[in-house]
Amino acid sequence: MNPRFGLIVLCLGLAACEGSNPYVATSNPLPPAPAQAANTFDRSAYPAPPRDYGRYRNWAWLNGRLPAGSAWADSSQIAEAVGSALDQQGLRPRYDNRPADLWVSADLRLEKRLRQVQDDYGYGGYGGYNRYGNGYGMYGSVPIVRTYEVDVVVVRINLFDGASGQPVWSASAETSSQGSQIERADALREAVEKAMSAYPPS
């Protein structure tokens, strides 16, 4: 094909595209704002102010009730572990009739978890080897993954603002459900301290 002829056809095609656009953009005007819009303040549109956790000094049990006990740990064991962990964070129990800065609740429940263990079984061997480094051989491993189910104890601690009753902090930790009574008490204390270690939030 003659290059000049191709150039002429291309120019004619471009000239044909320069016609007027049959589509015209139109839009309807926005409706007027309601009259009360000028006087309405939407708090949800703004972030909440940062909470001052330093003003919380003392605590009491929510609704005056100790945590519910279970066959794994009784109520007094849970209450003692939680009270000790709160004390480590500078929160003291309330001893008078004034309102508490924080209301505290705690619960204990048994849950199941899946655990996986991988074992690598090696195979192979080496042939002749001399002082010059000549030799042959091979080596490899076959990973075998085993899955099994275990019971764990999950302890959850909830803190509520003493004045408003709104939740201000919550955390949980888990521990093994196995062991003697003394071992379970130690495991409970460690789980509660682990949960409380995140207080106050940074």
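1. A word on the model. This is a predicted model, in which local features need pLDDT of at least 70 and side-chain atom pairs count only at pLDDT 80 or more, while totals for chains, interfaces and linings use all residues. Residues are numbered from 1 along each chain as its sequence is written, and side-chain values use heavy atoms, with hydrogens and water left out.

2. The helix pair. Helix α2 (residues 75–88) packs against helix α3 (residues 181–196) at an angle of about 40 degrees, and their axes are 9 Å apart. (Helices are DSSP runs of H or I with at least four residues, strands are E runs of at least two, and both are numbered from the N terminus; axes are lines fitted to C-alpha atoms, for helices over the stretch in contact, with angles from 0 to 180 degrees between N-to-C directions.) From α2, the contact includes Ile78, Ala81 and Val82, and from α3 it includes Ala185, Leu188 and Val192; contact means heavy atoms within 4.5 Å. The residues of this contact divide into 9 nonpolar, 3 polar and 2 charged.

3. Serine 84. This residue also sits in helix α2. With 32% relative accessibility, serine 84 is partly exposed, a class between buried (under 20% relative accessible area) and exposed (over 50%), using a 1.4 Å probe and protein chains only. Serine 84 and valine 192 are 108 residues apart in sequence, yet their C-alpha atoms are 9.0 Å apart in space.

4. The core. The largest nonpolar core has 31 residues, of which Val82, Ile157, Leu159 and Tyr199 touch the most other members. (Such a core is a set of buried Ala, Val, Leu, Ile, Met, Phe, Trp, Tyr and Cys residues joined through side-chain atoms within 4.5 Å.) Helix α2 gives the most to this core, with 6 residues. Not counting residues up to four places away in sequence, tyrosine 199 touches Leu159 and Trp169, among others.

5. Asparagine 158. This strand β4 residue is buried, with a relative accessible area of 17%. Its side chain makes a polar contact of 2.7 Å with the side chain of serine 170. (A polar contact is a pair of N or O atoms within 3.5 Å; within protein, one must be able to donate a hydrogen and the other to accept it, and residues adjacent in sequence count only if both atoms are side-chain atoms.)

6. Asparagine 58. Found in strand β1, asparagine 58 is buried at 18% relative accessibility. Its side chain reaches the backbone nitrogen of aspartate 101 at 2.9 Å.

Note on methods: Ala, Val, Leu, Ile, Met, Phe, Trp, Tyr, Cys and Pro count as nonpolar, Asp, Glu, Lys and Arg as charged, and the others, Gly among them, as polar.
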